[in-house]
Amino acid sequence: MVFPHVAGYFREIFGSSSAVASSPSARASARPEAARNLGNLVREKRRRSPIRTQAELAAVAHSTDSVVSDLMNGARPIPWETVERIVRALDADSVWIAEVREMWQTADLAWRSADVHVATGERVGPGQLLDEVDPIDDLEVHLPITVDQGRGLPPLPPYFSRGHDTRLAVLVERAVAGKSTMAVLVGESSTGKTRALWESLTPLRTAGEWRLWHPQYPTRRQALVDELNRVGPQTVLWLNETQKYLGDGTGAGDEQVAAALRNLLADSSRTPVLILGTLWRRHYDALCRDPASQSRKLLEDRVIEVPSTFTDAELASMRQTRMGDPRLVMALDRAEDGQVTQYLAGGPELVDRYRLQVSPAAKAIIEVAMDASRMGYGDMLPHALLESGALAYMTSLDRDRLAENWFESALAQTSEPCKGARGPVTRIHSLSAHPRSTRRSVSPVRDGFSAGEGPLYRLADYLDQYGRMHRADLIPPIGFWEAVARHGHPDSLTGLGAAAHARGLYCDAAQLWKNAALLNHDPGRIGQLVALLHKVHPDDDRPSMWAVENVALGSSAGVAYLLDLWRTAEMTTATTALASRIASHIGDIELGSVSGAADLWKALTEAGAVNAAAALLTRIAARIDALAFSDISGPTALGRQLEVPDATYLLAALKEAGMDTAATQLRFRIASSVNDFDFRHGPTSVRDLLHLLREEGMDPAATTLVDRVTRYAEGVALDSPLHVGAVLDSLCDAGLDTAAAALATRIASRIDDLDCNDLWGIALLYARLKKAGMDTVLTALVAWVASHIYDIALDNPLGLFSVQKALRQMGMDTAANCLSTRLIRHIEDDVPKDLVGAVIVLDAFGAAEADVRAGLIHRMPAAGEFKSFVKYSGQRERFRFGRDPNGQPAAAWTWDDLFN
């Protein structure tokens, strides 16, 4: 039986089941004119509405991105009930809805007459034809400023090409030539990244047949994951704000998305595909922090820098041509420091509006949005969160003066356009507390989290960046944390809890983690909560026993993490209770990967749950061929990286238990993994795997591994000292002296290829060369660093300290002193980002005035370094229960306070 609402949903997604398949070009040419007129009518109404993009319209209408896109482009017949939901989401009156219905009836009749429905099972890939894409509506290109004499101007001002456009054009030409490729523009907010990507697509629009897909709903990542396997040839995959698809690069989910994108680029059956993205510099640094991560492998060599300012020569050229557009003339005349694109996007006006022109209530709303973004909330802020939180940002006098409709009035101010660009905080669509000086239990609102339920708002990008710079030393007030605990999206609670904990707001962190645990019984979230409560009240077993009863036992890796966490914290009662519950559900736990299964077996064994460990090992032996080699899934070798220590543990356990068949199967899989082994997995992986292969008598596989790693070392790029040092580490630890010596010789001969600002890499390379006794190369490295002493950036105090120590050890005291002096002056005169590293360096040199050191320590809590703050200030016991946002020690609180 097919339920009516389910059948309707499938009709909405795929159209009539009696359809006839068509190619993209046939589909476009077959569209009835009435369908295109209907789409244009809805598109124009959306442009005049508060809804920012078609993805937001899809969210509000409880539909999907592709359905809204197909309606606006007249791409296929859409059921009236779906069209009606979409137009009502635009706050349309009954007269306009009647007009739309009449046009829909005409279009529906035309579709039936033409018999051009799209077949359910043969629908073309996601996205729309490129010549139907609107850069502002569909791709998030910033609206420009407006001018008095701007009547009749095109939506976007003329485009001025720069160096990054030339490099981008080369990659686009590769796509035109039939090769899959990717480019990510990295730069700060409002520097023209998205516009540059749009302009680069001109050759593809000329070529025809190309589609563009911008996955956005229900979330960017979810849309991408759900539909990526349907992407076909001649598709532009538009990943604006790429970090929202890749995360921060640290989780298994992040790695899955990056690996899947790499697979798409390598898939010859779907070529050509062009992946385009944008990142702020800080997002790029976070994604590429780990040299072994899938995100770094995806992004490296595919990044193009976009400068924040125009050079004097570029400005002169633009002034000479003027390009006939008064908006560009105004930007050239008024933009400061060559920040033309920022001015065009309304940036300065946004800051002036926030600082000088709005009411205290409107300013409070903007600051709530700024702090929510800084603390890790997403970019869709609920109405209730803004209203509840804003009261905490106003003075008592401001609150006393508030009118009945204060919130709506303040939102009207924040939504007012800035010279034509969107206002500071703008409504996506329509989805009271008061500030407190003491905390109270806050339960999460289980309903209303969906992007389609109730008003949502978004902070302007430029103000997001401004807030991160100018509010970096501020911790949000208690009312903010209460608001996000009550009204925040479930997916944001864990990250917000981590942000609160890092700033010493222990009670707020516990509240957020408790709410997250109630909504999602994930072991990681519960583990964070219980660990914090155990630190505050080590003798109170109630949190851990609550966790034992509520934690989900679905994942072997997650359960193992929790069991290990409690055992190492000497939480004996909780560890025993959890082990007992695991034992009674051992057959229900998903083993997943070799790593997860091995971790759980070790955790049970070390917790003394011998019988449970034996039962688990029996299950593992029966499914040894089905276990993945890591928690990163994927169809290619990128997703089957062997976790060598875990495989070693598991192999030993199977052999000791006499499970010889399973041990043989695992040995065979380990030997087979050599051909897939990724040498960037870590500096010890090659050594460990080679030792395991030789210990188990798998000599052919060991020989293959040696050959592969030797060839890899011969061709490894030398631009990253960190990666080169890791490879050299692997070779030396594995006893591959010939290959190590060859790599060291390459380093010496091409020393200028290294990046002098990769300070940890330089330190690692120095340590490995010194340990291996490669004195000639070591001398060359140190001399090269000394020659670049004034080129080294000063934003990594500990890395600089390590480098100056190396210089001093090699007798280059002048260079070492010079570097030390630069570093100390930088720490004393500026505010370094790495406050902890700066204090460690000052203590090592004994060079700072007491007030300089105290000032750095004072800034640590707001920077998320509260743990270091209590260490260096010597106030651990004073802040046992955490602190309040005003800096005072928090009052004592207990497990009961999170519920009462």
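**Notes on the predicted model**

1. Let's start with Arg-195, which is buried at a relative accessible area of 14%. Bear in mind that this is a predicted model. The side chain of Arg-195 meets that of Glu-199 in a salt bridge, with 2.7 Å from N to O. Side chains of opposite charge can pair when their charged atoms come close. How far apart are Arg-195 and Glu-199 along helix 9? The two sit four residues apart in helix 9 (residues 193–200), so about one helical turn separates them. Glu-199 is partly exposed, at a relative accessible area of 24%, whereas Arg-195 falls under the 20% cut-off and therefore counts as buried.

2. On to the other charged pairs. A search of the whole structure turns up 30 salt bridges. One of them links Arg-327 and Asp-325, whose closest N and O atoms are 2.8 Å apart, and both of these residues are buried. Asp-540 and Arg-542 also meet through their side chains in a salt bridge, at 2.9 Å from N to O. Arg-542 has 38% relative accessibility, so it counts as partly exposed. There is a network to look at too: Glu-140, Arg-220, Glu-241, Lys-244, Arg-458 and Asp-461 are joined into one by salt bridges that share partners.

3. Are the residues of strand 9 (residues 455–459) mostly covered or mostly open? Mostly covered: five of its five residues are buried. Pro-455, Tyr-457 and Leu-459 point one way from the strand, while Leu-456 and Arg-458 point the other way. In a regular strand the side chains alternate between the two faces of the sheet. As for its partner, strand 9 pairs with strand 7 (residues 381–382) in the antiparallel sense, over two bridges. Within strand 9, Tyr-457 is the bridge partner of Leu-381.

4. You'll find Glu-367 in helix 20 (residues 360–374), and it is buried, with a relative accessible area of 11%. Which residues does Glu-367 touch once neighbours within four places in sequence are left aside? Tyr-354, Tyr-393 and Arg-471. With Tyr-354 there is a side-chain polar contact of 2.8 Å.

5. Helix 32 (residues 594–606) passes a simple geometry check. At 1.5 Å a residue, its 13 residues should span 18 Å, and the end C-alpha atoms are 18 Å apart, which agrees. Why call helix 32 largely enclosed? Because 10 of its 13 residues are buried. Among them are Val-594, Leu-600, Trp-601, Lys-602 and Leu-604. The cover over the buried residues of helix 32 includes helix 30 (556–568), helix 31 (572–584), helix 33 (610–622) and helix 34 (644–656). Just after helix 32, Gly-608 has a positive phi of about 85 degrees.

6. A few backbone values deserve a look. Most residues other than glycine have a negative phi, and most peptide bonds are trans. Against that background, the bond joining Thr-271 and Pro-272 is cis, with omega about 0 degrees. Pro-272 lies in the loop between helix 13 (252–266) and strand 5 (273–279). Glu-209 is not a glycine, yet its phi is positive at about 75 degrees. It belongs to the loop between helix 10 (202–207) and strand 3 (211–213), and at 39% relative accessibility Glu-209 counts as partly exposed. Gln-234, also not a glycine, has a positive phi of about 55 degrees. The loop holding Gln-234 runs between helix 11 (220–227) and strand 4 (235–239); with 30% relative accessibility, Gln-234 counts as partly exposed.

7. Finally, confidence. The chain has a mean pLDDT of 81, with 87% of its residues at 70 or more. Where does pLDDT stay under 50? One stretch is residues 446–452, for which the model has 18 contacts beyond four places in sequence. Another is residues 631–641, for which the model has 27 such contacts. Where pLDDT is low, the predicted coordinates should not be read in detail.

Methods:
Residues numbered from 1 in each chain as written. Predicted model: local features only at pLDDT ≥ 70, side-chain atom pairs only at ≥ 80, totals over all residues. Heavy atoms only, no water. Buried < 20%, exposed > 50% of the residue type's maximum accessible area, 1.4 Å probe, protein only. Polar contact = N/O pair within 3.5 Å; in protein donor to acceptor, adjacent residues only side chain to side chain. Contact = heavy atoms within 4.5 Å. Salt bridge = Lys/Arg side-chain N within 4 Å of Asp/Glu carboxyl O. Pairing = 2+ DSSP bridges. Expected span 1.5 Å × (residues − 1). pLDDT = per-residue confidence, 0-100.
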